[in-house]
Amino acid sequence: MADDGSAQTTAIWPLPKFHFQVKWDDTELAFQEVSGLDIESEALEYRAGNNPVFSKIKMPGMIKYSNITMKKGVFVKDNALFDWFTEIKMNVIKRKAITISLLDEAQAPTMVWKVQNAFPIKVTGTDLKAEGNEVAVESIEIAHEGFVIENA
């Protein structure tokens with residue numbers, strides 16, 4: 001019996017990371033890179049003064065989320081990143097829910113990160129170089145109040 005590759009569909013393979021989408025405000029933006037989907041718990045150390053063991057105990061503390069950085073190509077008349085950033089007015093900003101989805105070959109989400117209360121803290125325009133041979137890329141760094149992960 002010849003192996004036509006169909007056995008791969010029933011095997012468990014790691015998901016490729018190159019096919020994804022990012023949505024906010026019901027708008028899909030074409031990013032080339034997303035990084036910073038990190039979560040960590042700060043370790044608290046404690047030792048009671050009358051403890052006969054001369055070492056500290058550790059316990060989980062507050063949860064901390066990293067900022068998310070997203071990079072995309074620069075397109076004519078596409079100022080979505082700068083427009084959102086310029087909405088900042090004296091400690092007031094429109095916070096958004098952002099959905100980052102890892103897609104399968106049928107464009108269906110397989111893993112989804114739902115980012116809560118996101119707002120921009122830094123927008124970086126492209127660098128310019130007369131002898132360069134690269135695409136113009138801009139980036140946005142986003143602070144947020146956490147995310148949840150959903151697996152399809």
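Colleague: Why does I57 count as partly exposed?

Modeller: A residue is called buried under 20% relative accessible area, exposed over 50%, and partly exposed in between, with a 1.4 Å probe and protein chains only. I57 has 45% relative accessibility, so I57 counts as partly exposed. I57 lies in strand β5.

Colleague: What should I know about the model itself?

Modeller: This is a predicted model, in which local features need pLDDT of at least 70 and side-chain atom pairs count only at pLDDT 80 or more, while totals for chains, interfaces and linings use all residues. Residues are numbered from 1 along each chain as its sequence is written, and side-chain values use heavy atoms, with hydrogens and water left out.

Colleague: Which residues make the nonpolar surface patch of about 380 Å²?

Modeller: The patch is made by L44, Y46, I57 and M59. The elements that give two or more residues to the patch are β4 (39–46) and β5 (57–65). Members of a patch have over 30% relative accessible area and no salt bridge; nonpolar side chains (Val, Leu, Ile, Met, Phe, Trp, Tyr) are joined within 5 Å, and like charges within 9 Å. Areas come from the Shrake-Rupley method with a 1.4 Å probe, and for residues only the protein chains shown count as cover. At 45%, I57 is partly exposed.

Colleague: What makes the contact of D25 and K94 a salt bridge?

Modeller: The rule asks for a side-chain nitrogen of Lys or Arg within 4 Å of a carboxyl oxygen of Asp or Glu. For D25 and K94 the N to O distance is 3.6 Å. D25 lies in the loop between β1 (20–24) and β2 (27–29) and K94 in the loop between α1 (80–85) and β7 (96–103), so the pair ties together parts that are 69 residues apart in sequence. D25 is partly exposed at 39% relative accessibility, and K94 is partly exposed at 42%.

Colleague: Which other residue forms a salt bridge with D25?

Modeller: K96 does, with the closest N and O atoms 2.9 Å apart. This pair links K96 in strand β7 to D25 in the loop between β1 and β2, 71 residues apart. K96 has 8% relative accessibility and therefore counts as buried.

Colleague: Is S139 buried or exposed?

Modeller: S139 is at 14% relative accessibility, so S139 counts as buried. The residue is in strand β9. Contact means heavy atoms within 4.5 Å. Leaving aside neighbours within four places in sequence, S139 is in contact with M70, K71, L81, K122, V123 and T124.

Colleague: Which residues have the most contacts inside the largest nonpolar core?

Modeller: They are W24, F31, M70, I98, I140 and I142, in a core of 18 residues. Such a core is a set of buried Ala, Val, Leu, Ile, Met, Phe, Trp, Tyr and Cys residues joined through side-chain atoms within 4.5 Å. The elements that give two or more residues to this core are β1, β6, α1, β7, β8 (109–124) and β9. The largest share, 4 residues, comes from β8.

Colleague: How many helices and strands does the chain have, and why is the chain called more spread out than a compact globule?

Modeller: The chain has 1 helix and 10 strands. Helices (H or I, at least four residues) and strands (E, at least two) are DSSP runs, numbered from the N terminus. The radius of gyration is taken over C-alpha atoms, and the globule rule is 2.2 Å times the number of residues to the power 0.38. The chain has a radius of 21 Å, well over the 15 Å that the rule gives for 152 residues, so the chain is more spread out than a compact globule. Of the 152 residues, 22% count as buried.
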